[in-house]
2 protein chains.
Amino acid sequence: MKFSVIVTLKKDVLDPQGKVVLNTLVNLGIDNLKSIRQGKYFEIDVDEVDQVKAEKQINQMCEKLLVNLIIENYKISKIK
Amino acid sequence: MKFSVIVTLKKDVLDPQGKVVLNTLVNLGIDNLKSIRQGKYFEIDVDEVDQVKAEKQINQMCEKLLVNLIIENYKISKIK
């Protein structure tokens, strides 16, 4: 069972990486950008047929390693 | 108008970063993982009301800067 995890910085956390991307795009001539925030993306394939169990496991992975819960939010979605 | 862009490595491209995450999770005691691939995620807010125009612009940003089309795929979705 395959899931995607999107990790984003919380609203009030500064995102210097996104800021650099924004500035670079402005320098490339794109002029109507309001904001860019960068995050992380994972595609996780687990060997589990029960969706509830699988999601619980993905949650565990996020909390143990993938996500810094102090500054980041995450969203899990099933891909297939 | 706000869009999300998910950038992933193409299927046959090796993902050493994902491999490290996988190994670390295995070491943390998670035993039924099949694979993890890591990608990039962007939330882009453009000052444009026409969705077609906005998407065209996001496409341009992807091709100019955000995505390496040789080894990566990308997917644009409207958030709001």
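Student: How much space lies in the second largest pocket?
Tutor: About 170 Å³. This is a predicted model, where local features need pLDDT of at least 70, side-chain atom pairs count only at pLDDT 80 or more, and totals for chains, interfaces and linings use all residues. Residues are numbered from 1 along each chain as its sequence is written, chains are lettered from A and ligands numbered from 1 in the order written, and side-chain values use heavy atoms, with hydrogens and water left out.

Student: Which residues lie closest to the centre of the second largest pocket?
Tutor: A:Gln17, A:Gln38, A:Gly39, A:Lys40 and A:Glu72, out of 13 lining residues. S1, helix H1 (16–27) and S2 of chain A and strand S2 (33–46) of chain B each supply at least two residues of that lining. Helices (H or I, at least four residues) and strands (E, at least two) are DSSP runs, numbered from the N terminus.

Student: What makes a space a pocket and not a cavity?
Tutor: On a 1 Å grid over the protein atoms alone, a cavity is a set of points where a 1.4 Å probe fits but cannot get out. A pocket is an open set with protein on both sides within 12 Å along at least five of seven lines, and lining residues have an atom within 4 Å of a point.

Student: What is the volume of the largest pocket?
Tutor: About 290 Å³. It is the space filled by probe spheres set on the grid points, which are joined across faces, edges and corners. The lining has 17 residues, with A:Ile6, A:Tyr41, B:Ile6, B:Lys75 and B:Ser77 nearest the centre. S3(B) gives the most, five residues.

Student: How do you know that chains A and B are related by a two-fold axis?
Tutor: A rotation of 180° with 0.0 Å of shift along its axis superposes chain A on chain B, at RMSD 0.0 Å. That is the two-fold relation.

Student: Why do the copies meet through the same surface?
Tutor: Because 100% of the interface residues of chain A are also interface residues in chain B.

Student: Why is H1(A) called roughly perpendicular to H2(B)?
Tutor: They pack at about 105°, with axes 11 Å apart. Angles of 65 to 115 degrees count as roughly perpendicular (under 35 roughly parallel, over 145 roughly antiparallel, the rest oblique). So H1(A) is roughly perpendicular to H2(B). Axes are lines fitted to C-alpha atoms, for helices over the stretch in contact, and angles run from 0 to 180 degrees between N-to-C directions.

Student: Which residues meet there, in H1(A) and H2(B)?
Tutor: A:Val21, A:Thr24 and A:Leu25 meet B:Met61, B:Leu65 and B:Leu66. Contact means heavy atoms within 4.5 Å.

Student: What is the angle between H2(A) and H1(B)?
Tutor: About 105°, with axes 11 Å apart. These helices are therefore roughly perpendicular too.

Notes:
Least-squares fit on C-alpha atoms with pLDDT ≥ 70 in both.
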